Amino acid sequence: MSFQGPEEYDYLFKIVLIGDSGVGKSNLLSRFTRNEFNLESKSTIGVEFATRSIVVEGKKLKAQIWDTAGQERFRAITSAYYRGAVGAMLVYDIAKHATFENIDRWLKELRDHADDNIVVLLVGNKTDLRHLRAVMSEDAAEYADRNNLIFIETSALDSTNVEHAFQQCLNEVYKRVADRHFSNVNIGQTTALPTTNLQSTILEKKFCCNS
Amino acid sequence: MSLTTFLTKASNLLGLKPNISLKAPPLDGEIIFCKNNVCVHPPANLNKNSEHHPGYMNIRSQEDEVLGRTLILTWIPNSTLTKNPRSIENSPRQGKPLCSTGSNHNGHNNNIRTTKPRNDEPYKDSDDGDVFSITPDSKNFINNYINNDDNGKCNDINSLDGIQAKNKYTNSINMDKDINSAGDNINNRNDSKERNGDDDDVKNEFDLLASTDSNFTSHKSPSNVTQSPSATLPAHGTSSSSPPQSPLSPNSSSPSRSNDIGCNDNSFVDVTSKDGDDDDSSGGVDNDLSFVCGVFSVDLGQMRSLRIFYSNNQCNSGQLVIASRESQYKILHFHHGGLDRLVQTFKDWSFLAQASRKGMEKDDSSHYFSIIRPFLPHELCHPDEGTMEMLRRETWRVHMNDMGVINDHLHLRKAIFFAGIEPSIRAEVWPFLLHYYPYLSTHEDRECIRNDKYLEYLSIRKVRLRMSREEREAFWRSTQCIVEKDVIRTDRSHPYFSGESNPNVDVLKNILLNYAVAHPTQGYTQGMSDLLAPILIELKNESDAYWCFVGLMKDTVFFSSPTDVDMDGQLLYLRELLKLLLPSFYHHLLKLQDGLDLLFCHRWLLLCFKREFAERDALRIWEVCWARYLTDYFHIFIVVSVLSIYGQDVVDQDLPSDDLLLHFNSLSMHMNADMVLKKARGLLHEFCQLETIPCTLHGLCSSSSSSMWDNKYTVKVQCVGHNPNETCPYTETSPTQIKQDSQQSPRSH
């Protein structure tokens, strides 16, 4: 059967979710990819991912969004997790200051394991908890500025800005790819990114139809 | 591989002879399979007892000039069918014409019987009564429902609309056997009524539905009349007699879709909900069950794979798992038979497909159809399989002497290993399995142990409560804040932990905190709460649960955390065991750059399959592992077993590692624990039969409580090479030389 598959896309981008345990990474993922939210979601163990495609400037971008436990992970997971990622959403909980204080640690992990040109968003999640806010937006924005991160506040619970956050991340990744910021990647050739399916991470996906 | 090949392969697997009898291909729009009370289970409830959402499923042939023939599978929830207000409102009883157009000819049926899945008795269909045909007209009603209720998210339903336009008058059914059994349905409604054994209400609704449909017909343009003869075309006409394509007449209240069927490129048409994978529209999707349990319609020709998992030995119940190329999954549960017919349908269709698809074998569509049997051939099972009985309260008592000593604990463990423990005596047996009580202890000893351990637990708690302020702050940051986040989301659906401010949640938390205090190098690692919760549920006592948990931790990958030596060790064993027992899968992993990271099974190892199987099955797996019969690493054999049962299509489809992860994540809660365990025991037996094993796996054989090999044998261990700086006790010996384990005599053969 030679239909054009639904898998057709121009780019495949791997985006990783990182941040402390309980800040809402899994719910951001499910909100964005399935428009679901689960108040009683279990802690994430191991690695999971989900995909969703969006269109940016007429190009279909398939986002593969990875999610893992917030706590320290086993080494084998960590390296595989960051491998080939072109975007990272560094999530903290606006109602828990400690999760914001740990951002430094997460940035360091990114520097240690991810591509230098990875797009990083600082995401303050749970804005629905207005009355419990412990991290001021200004502080976070300033921090983001200082560290060259894109800053955004979201609520996976009421959907505020979730779409926008991922869009922004993907837009920025797309921009960098278009400008060939990812040094180890040559458009149209097999990338140096050491991952299998993501070999085409930032490549234009050539789709052939045999019909 | 083409679909044809897959199907052929599937039928080979089934041991069925290809049915070469030339059956004419189905007409465009013909329904070649239908079944009611096919269930969808919302994934959110996987851990509870599954919530059933029965619905009506059918498979329709669809022809396109350019793209050829394909099959469309549609599943409509019963709730949708009953909800449709139109079926009630527009119900003048004029639906009879539908029921009066002929009878069976040559086992074929031109007639249509519109029916409604029996919503009120979802799990009790008889084998005969579950076969229905549905008129294409009833799709009108479905479409109306969709278009009325779907708030403008209609762009996904091209296929339904298009089909409706195409096959409105192609009322043919091509299911000899089924039609025969559904029988002389239309002329003899009383018969079918009896057969269905349903009450009259159902029949009434059934009538209403039919009349609604014909009501639509009467509204339609005159073209209907001219085309109506096609409704009486024999079902088994040749493909050239495909029905005239009716114009997209305004025959339904829905706006016509201009897309034709073949051009429809939506692979997953989840009608009541917008598929998040499509473009960037973000329609407001309900968060309720309609998201997963809404009408589901999909072009099977666009799917990556179709898998069938049988859940019974008759091979007629089980699950149909449909995977899209986007790696989305839909699982349809056949609780009450019908899966065998589905297989037959696919099989028949494959031969039809063969004729019309010549020269298209090499296309890149990755359809797949595999049959997974619920039983293992005897030779693949452990020879002792089925010889043991589950450990029940009476037999448990028998294992102890008057003093309470369990002398023959090997036999006890063997029983648990093969047949499990009756859930009601877990609280008594688990403390032995988890090293809290030694098997050789007496009742009296255990009373002492329990007292001593209780006091010891109190002193641990005291240490935690008496921390200095700074210590407490550091502890809170490093441990407590994560524990607190985790306990409130651990097994909360279980009655023991459910509800607001449940004191048991605090007990769970305290045990974990005390454990972290007493084991500062390990502290708390996410996943521990998942392991502790079932123990606390069974033992219902804080101190006892704590000590059993301590015992359990010694056997898990958490033990050496955070150095993750244990995790690496487990993965190493797994890789080596795969190489040995499942080389095809191993070589597939080897091809992938990061396949040997084995990301897909980290959770299996961390939680000992707790999230892969329903609670009942998961606990059984735990007990079987804890029995430590022949090996301390039975969980590794279980991993290999899962991969060997459910991983074959990974190899056949050459899935990359991210798809592999999706594949196995999607199987979670849908695997057959019985078979997995049986197969794992078989694999262990196979391993024990090996004459030589690589030195890398020698650790697998050392069991803390029993030797893997009967004492009269020892196994040859062969050095398979190490890093230059590592030493191997087996390197000195030549590879073929025999290493004698504990006994002197080499293994005979």
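In this predicted model, B:Phe600 touches B:Phe585, B:Leu589, B:Leu643, B:Leu660, B:Leu661 and B:Phe664, leaving aside residues up to four places away in sequence. B:Phe600 and B:Phe664 also stand out within the largest nonpolar core. That core holds 195 residues, and these two phenylalanines touch the most other members. Helix α24 of chain B, residues 634–646, supplies the largest share of the core, with ten residues. A second core is separate and has 26 residues. Among its members are B:Val40, B:Ile322, B:Phe334 and B:Leu342. In soluble globular proteins, nonpolar side chains tend to be buried together.

Chain B as a whole comprises 749 residues, of which 62% count as buried. Its secondary structure amounts to 28 helices and 13 strands. Contacts between residues at least 6 apart in sequence were examined for this chain; 73% of them join residues at least 24 apart.

Backbone geometry was considered next. A:Glu57 is not a glycine, yet has a positive phi of about 50°. The residue sits in the loop that links β2 (47–56) to β3 (59–68) in chain A. A:Glu57 counts as exposed because its relative accessibility is 69%, above the 50% cut-off. In chain B, B:Asp491 likewise has a positive phi of about 50° and is not a glycine. B:Asp491 belongs to the loop between α16 (469–487) and α17 (503–518) of chain B. Its relative accessibility is 11%, so B:Asp491 counts as buried, the cut-off being under 20%.

Helix α6 of chain A covers residues 162–178. Its 17 residues should span 24 Å at 1.5 Å a residue. The end C-alpha atoms lie 24 Å apart, so the span agrees with expectation. Buried positions in α6(A) are A:Val162, A:Ala165, A:Phe166, A:Gln167, A:Cys169, A:Leu170, A:Glu172, A:Val173, A:Tyr174 and A:Val177. Both A:Gln167 and A:Glu172 are therefore among the buried residues of this helix, each being under 20% relative accessible area. Just after α6(A), A:Arg180 adopts a positive phi of about 55°.

Note on methods
Residues are numbered from 1 along each chain as its sequence is written. Chains are lettered from A and ligands numbered from 1 in the order in which they are written. This is a predicted model: local features need pLDDT of at least 70, side-chain atom pairs count only at pLDDT 80 or more; totals for chains, interfaces and linings use all residues. Side-chain values use heavy atoms; hydrogens and water are left out. Helices (H or I, at least four residues) and strands (E, at least two) are DSSP runs, numbered from the N terminus. Buried means under 20% relative accessible area, exposed over 50%, partly exposed in between (1.4 Å probe, protein chains only). Contact means heavy atoms within 4.5 Å. A nonpolar core is a set of buried Ala, Val, Leu, Ile, Met, Phe, Trp, Tyr and Cys residues joined through side-chain atoms within 4.5 Å. The expected span of a helix is 1.5 Å times one less than its number of residues.
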